[in-house]
Amino acid sequence: MTLIECIPNFSEGRRPEVIDQITDAVRSVDGVSLLDVQSDATHNRCVVTFVGHEGPIAEAAFRAIKKASEVIDLNQHEGAHPRFGATDVCPFVPLRSEEMPVCIETAHALARRVADELGIPAFLYEDAARTSEHRNLAVVRGKGFEEMRDVIGGEPAKTPDEGEARVHATAGAVAIGARFPLIAFNVNLDSDDLELAKRIAIAIREKDGGMKCVKAMGLQLEDGSAQVSMNLTDYRVSSPSDVVAVISERAAAAGVAIRESEVVGLLPQDVLVRLAQAALYAKDFGREQVLEAQVLDTLL
């Protein structure tokens, strides 16, 4: 048995009663522990984190996707974050890197079940991808639900791995994958200058020649302030402290400071160890010096 983390993202961040129904579906499965729920009204999105062995966690993910398809209508959905599904993404993450094959197998089985039983077309991405065109989630998702209704099946990147090449009328499509731990990380500027946030996002993201393993976009929050919203796909290459340093420098050049940052979801312990090494100039600091890590190793 392999312990797996699952972090589905649902296209709802404004109605707590809807989010509760989805998380109740996760809680209904024995052997699964719900660890974290974070929602954002501007993005109109919530991120749910739970862990369990491969059988129970796949069942919990299916029940959550099913419930989301019943309570979220993308035709009525608006939000700053790109999306093409009521359950937009559902990644499985191994707690030990050598267990990635189990995550891939779990993703493939879930995609088949979602397509067969719910009629929602499923795309397999990152390590679970069957074709190179599907590895990059941003390429698959494109401009979201509204575009996917028209282009699904028209080219390899837009052709689902499981199910018909037709979006579900209200739930859209879903991307199901297996991947290395990703950090969803936002930096809020002490400014309402959306164009500045967009310029910084373009400058730092990998696809435009910026920092490796960084995806970024500029957004306007409900309070009017500007945000650089990011996914760090490999923190070993570009860490939160790396991107904060670059954003701070570019914002300062425009006379703007960083107001705050926020982490969406949970962080691997290794990220915090690396942040401590950088902040404290403690190159030799390691996990073995973390009290809770030592206690857990003793108990497990």
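**Close-up views of a predicted model**

Of the contacts in the chain with a separation of 6 or more, 71% join residues 24 or more positions apart; contact here means heavy atoms within 4.5 Å. This is a predicted model, so to speak, with local features needing pLDDT of at least 70, side-chain atom pairs counting only at pLDDT 80 or more, and totals for chains, interfaces and linings using all residues. Residues are numbered from 1 along each chain as its sequence is written, and side-chain values use heavy atoms, with hydrogens and water left out.

**View 1. The whole chain.** Nine helices and eleven strands make up the count for this chain; helices (H or I, at least four residues) and strands (E, at least two) are DSSP runs, numbered from the N terminus. The radius of gyration is 19 Å, which agrees with the value near 19 Å for a compact globule of 300 residues; it is taken over C-alpha atoms, and the globule rule is 2.2 Å times the number of residues to the power 0.38. Along the principal axes, the C-alpha trace spans about 50 × 50 × 40 Å. Buried residues make up 49% of the 300, where buried means under 20% relative accessible area, exposed over 50%, and partly exposed in between (1.4 Å probe, protein chains only).

**View 2. Helix H2, residues 54-71.** The buried residues of H2 include Ile57, Phe62, Ile65 and Val71. Several alanines are on that buried list too, among them Ala58, Ala60 and Ala61.

View 3. H8 takes in residues 269-280, twelve in total, and reaches 16 Å from first C-alpha to last, close to the expected 16 Å. Val271, Val273 and Ala276 are its buried residues, and they pack against strand S8 (183-189) and helix H7 (240-253). Just after H8 comes Tyr281, with a positive phi of about 55°. Tyr281 sits in the loop between H8 and helix H9 (291-299) and is exposed, at 75% relative accessible area.

**View 4. Asn44 between two strands.** Here's another positive phi in a residue other than glycine: Asn44 has a value near 50°. Most residues other than glycine have a negative phi. Asn44 lies in the loop between strand S3 (32-40) and strand S4 (45-53), and with a relative accessible area of 5% it counts as buried.

**View 5. Ala157 and Lys158, side by side in a loop.** Lys158 belongs to the loop between helix H5 (145-151) and strand S7 (174-178), and Ala157 is in the loop between H5 and S7 as well. Ala157 is buried at 7% relative accessibility, and Lys158 is buried with a relative accessible area of 7%. Beyond neighbours within four places in sequence, Ala157 is in contact with Phe123, Glu133, His134, Val139 and Val140. With those neighbours likewise set aside, Lys158 has contacts including Phe123, His134, Arg141, Glu147 and Met148. From Ala157 to Gly142, 15 residues apart along the chain, the C-alpha separation is 9.3 Å. Lys158 and Gly31 are 127 residues apart in sequence, with their C-alpha atoms 35 Å apart in space.

Note on methods: Expected span 1.5 Å × (residues − 1).
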